[in-house]
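Welcome! Let's take a walk through this structure together, one region at a time. Keep the sequence and the 3D view open as you read.

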Amino acid sequence: MEVRVKTGAIEQHDADAVIVNLFDDRRIGGATQALDRALNGAISALIAGGDLSGKAGETVVFYPTGAIPARRVIVVGLGKREEFSVETVRRAAAHAVVKAREVGAQVVGTIVQGSGAAGLAPDVAAQAVVEGSLLALYRWRGLKTGDDDTPSVEALELVVRPGDDVAAVEAGARAGQAIAEGAMLARDLVNNPPNVATPTMLAETAREIAGRHGLRVEVLDRADVEKLGMGAFLGVAQGTEEPPKFIILEHRPDAAGDTVVLVGKGITFDTGGISLKPSDHMETMKSDMAGAAAVLGAMQAVAALDLPVHVVGLVPATDNMPSGHAYKPADVVKAMNGKTIEIISTDAEGRLILADALCYAARYKPAAVIDLATLTGACVVALGAGMAAGLFCEDDALRGRIQTAADATSERVWHMPQFKEYLESIKSDTADVKNSGGRMGGVGTSAMFLRQFAEGYSWAHLDIAGMAGVMMGEGGPTAPYQQKGASGFGVRLLTEIVRNWS
Ligand code: BES
Ligand code: MN
Ligand code: ZN
């Protein structure tokens, strides 16, 4: 879909539909009022008649039949004025464009919602409108054959009044588009079946992103990671015929200070290995590379926006399979930093591949390393599906940056503890550490395991097991710009962290 910025008045804008909005106090103002006047009070009449209330998510479509150039008017409800935030704009935009698509509108004009009386800066409002719209219109067609008969919106036009800050709206719209495209790339990667989204395919995607946006890319294969001593990653990868890949993407702007490393768990399918998972819902484990997808999507957005920060994306990618040469419980593997790990469960594989990636991250002397991983079912039990990512970070400054970005993007995180007593349950008689501490405190012990490999830099771990998507885990709440399937969680959050870095 194309996103364009146009100057003019919404009541003079030619489109298949134009979008305006209303708070639930039904006090009409700004662009909605201007449009109402041009329509001889049609919107006021809808309010008076009780057809339009302004409650959040409500959409009312009517036909101006020649009174203005546009074929349709869509009024979207914003809900309570005192609860207004940038998320209100994302959601309102999402509801409105989905309605526009439903009625077959191909060119849709919209006011820059939130930039009027609600008081958002024009770039922030424009970004939210574009993000909400693009993410809401995303569809996963998958590998279905046959014709697609659902209509699609071809262009979204942000209509800016003459005299308003067009440059700011343009910049915000561009940012919104780059970020939404990153999130949609992540959704595609997660939605794809695991025989398509293989480690090789993730590596190819990284190469494509690099080619398009001028990133440095390097893909290490089995022999390369053997030379590096990544015994934990290799332990997981030894059970599969599918070639493992360790993907490195690097955004190196001319004048960069700090280095930020993003690490994503790339288990392209998690059967559990020899510690085999039950077959019910095992298919949802195609989403076990959602961390990797988020890192690839964020790297694309960071590069598209050419942010002035040195950012490295690391993705260890393999599937986790049982086989005659699979690793097994009681095996001991050695990570890149020399630490030995006793395998208790081959289903605690994410922390093993992350261990080596976290060791590798140290070579960049990073100001921060942030990893994203669908790491534990325990995190979903603790916080709920679709509620928040578990955030493990004991550096107040870094945690503050992540929290600020989470507030801005509504990609929610929740601070979890790193009690040193968790270490007791991952002590091994045979190795330096074991890979599972059992059922109790499973999310805390997984983080304490990772911590042993995140040495020499400031580190944050985000357990996104409950956030990868609707119906991927257990359902949970969703926004109107999300559909069944992958959420793309983490792309907006990570990009926002990098945008605010310097
Ligand atoms: N990929 C899973 C975690 C997961 C569970 C993600 C549900 C999304 C939804 C991970 O590899 C796993 O199997 N974790 C085990 C750890 C246990 C064996 C210590 C778990 O959570 O049961
Ligand atoms: Mn597992
Ligand atoms: Zn897993």
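Helix α13 covers residues 442–451, and with nine of its 10 residues buried it is mostly covered. Before going further, please bear in mind that what you see is a predicted model.

Another well-covered element is strand β8. Which way do its side chains point? K245, I247, L249 and H251 point one way from β8, while F246, I248 and E250 point the other way, and all of them are buried. Seven of the seven residues of β8 (residues 245–251) are buried, so the strand is largely enclosed by the rest of the structure.

Now look at the partners of β8. Strand β7, made of residues 216–220, pairs with β8 in the antiparallel sense over five bridges. Within this pairing, you can find E218 opposite I248 of β8. Strand β8 is also joined to strand β11 (residues 310–320), by seven bridges, and these two strands run antiparallel. Here E250 has V312 in β11 as its bridge partner.

K328 is found in the loop between β11 and β12, the latter being residues 332–334. Is K328 buried, partly exposed or exposed? Its relative accessibility is 45%, so K328 counts as partly exposed. Leaving aside residues up to four places away in sequence, K328 touches I274, I343 and T346.

Next, turn to an open sheet of six strands. Their order is β1-β6-β5-β2-β4-β3, and the pairing is mixed. Strands β1 (2–7) and β3 (59–62) stand at the edges, each with a single partner strand, so one side of each has no neighbour in the sheet. On average, neighbouring strands of this sheet are turned by 25° against each other, direction ignored. Inside the sheet, strand β2 (residues 17–23) pairs with strand β4 (residues 73–79) in the parallel sense, over six bridges. One pair to look for is L22 and its bridge partner in β4, G77.

Helix α2, residues 42–49, touches β2, β3 and β4, and its direction makes about 130° with that of β3. Helix α5 (residues 166–191) lies across β1 and β6 (155–160), and runs at about 170° to β1.

Helix α5 also leads us to our last stop, its contact with helix α14. How do these two helices pack? Helix α5 and helix α14 (residues 491–499) pack at an angle of about 140°, with their axes 9 Å apart. They are therefore oblique to each other, and their crossing is right-handed. On the α5 side, A175, I179, G182, A183 and A186 take part, meeting V491, R492, T495 and R499 in α14. Sorted by class, this contact between α5 and α14 has five nonpolar, two polar and two charged residues.

Terms used:
Residues numbered from 1 in each chain as written. Chains lettered and ligands numbered in written order. Predicted model: local features only at pLDDT ≥ 70, side-chain atom pairs only at ≥ 80, totals over all residues. Heavy atoms only, no water. Buried < 20%, exposed > 50% of the residue type's maximum accessible area, 1.4 Å probe, protein only. Helix = DSSP H or I, 4+ residues; strand = E, 2+ residues; numbered from the N terminus. Pairing = 2+ DSSP bridges. Axes fitted to C-alpha atoms, helices over the stretch in contact; angles between N-to-C directions. Contact = heavy atoms within 4.5 Å. Parallel < 35°, antiparallel > 145°, perpendicular 65-115°, else oblique. Left-handed = near helix turned anticlockwise from the far one by under 90°. Nonpolar A, V, L, I, M, F, W, Y, C, P; charged D, E, K, R; others polar.
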